[in-house]
Amino acid sequence: NAMFKKFTPESITQRSQVKASVARGIKANVQRQYPALEPYIDDLFPKKAPVVLAKSKEVHGVSLVVIENTVIFLEFHKEFFPSLRTLQQYPFILKKVGVDKGAIKFVLQGANVMCPGMTHPAGDLETDFQEGEYVAIFAEGKVAPLAVAKALMSRDTIRKENKGHGLESVHYLGDPLWELKQVV
């Protein structure tokens, strides 16, 4: 399930510096999708820094948005989601979902999040979200986000049904993309 489980630096087959117009389009799309980033958008996309798009043969349909050798966002089906490094810098850009302590080790292995891990008294479903939205997974007792996930059902459905997979793990702490410090 986790998108980057088989990812390796060697699997990056394409790296291309994009034209300024394409870079502006990426920046505009990220800003539209994450309005809370507006005050910081020029820190993420410095004026003179080239934007590189990288693709991996192990992760189909995903482009890595690389600035100054760091993956800042990923694009999948025309939608952008932050890398965990970006999310740790700007944790407010994704809606927050909390899981109980028992779910931590599974999340850190790239497992999808089961509904009971979020509806548990130590879980956190305060923030409303819809099916298909990217969310940040936090855990009881942890300050930094553990993972980026895509909601397989809305918050209200998770609460109501309380069974099955509620979130699909996309990128987690310690996965091969996290371990990739630099894209050169």
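Trainee: Before that, what kind of model is it?
Mentor: It is a predicted model, in which local features need pLDDT of at least 70 and side-chain atom pairs count only at pLDDT 80 or more, while totals for chains, interfaces and linings use all residues. Residues are numbered from 1 along each chain as its sequence is written, and side-chain values use heavy atoms, with hydrogens and water left out.

Trainee: In what order do the five strands of the open sheet come?
Mentor: The order is S1-S2-S3-S4-S5, with antiparallel pairing; strands here are DSSP runs (E, at least two residues) and helices are runs of H or I with at least four, both numbered from the N terminus, and two strands pair if DSSP finds at least two bridges between them.

Trainee: Which strands stand at the edges?
Mentor: Strand S1 (12-17) and strand S5 (79-82) do, and because each has a single partner strand, one side of each is left without a neighbour in the sheet. The twist averages 30° from one strand to the next.

Trainee: How many bridges are there between S4 and S5?
Mentor: Four bridges link S4, which covers residues 70-76, to S5 in the antiparallel sense, and Glu-75 stands opposite Phe-80 in S5.

Trainee: What lies across S5?
Mentor: Helix H1 (residues 20-33) lies across S2, S3, S4 and S5, and runs at about 75° to S5, where axes are lines fitted to C-alpha atoms, for helices over the stretch in contact, and angles run from 0 to 180 degrees between N-to-C directions. Contact means heavy atoms within 4.5 Å.

Trainee: Switching to the loops, where is Lys-78?
Mentor: Lys-78 sits in the loop between S4 and S5, and has a positive phi of about 65° although it is not a glycine. Most residues other than glycine have a negative phi.

Trainee: Why does Lys-78 count as exposed?
Mentor: Because its relative accessibility is 74%; exposed means over 50% relative accessible area, buried under 20%, and partly exposed in between, with a 1.4 Å probe and protein chains only.

Trainee: And what is phi of Asn-162?
Mentor: Phi of Asn-162 is near 50°, again positive in a residue other than glycine, and Asn-162 lies in the loop between helix H6 (155-161) and strand S10 (165-172). At 32% relative accessibility, Asn-162 counts as partly exposed.

Trainee: How many residues of S10 are buried?
Mentor: Six of its eight residues are buried, leaving S10 mostly covered. S10 pairs antiparallel with S9 (residues 147-151) over five bridges, with Val-148 opposite His-171.
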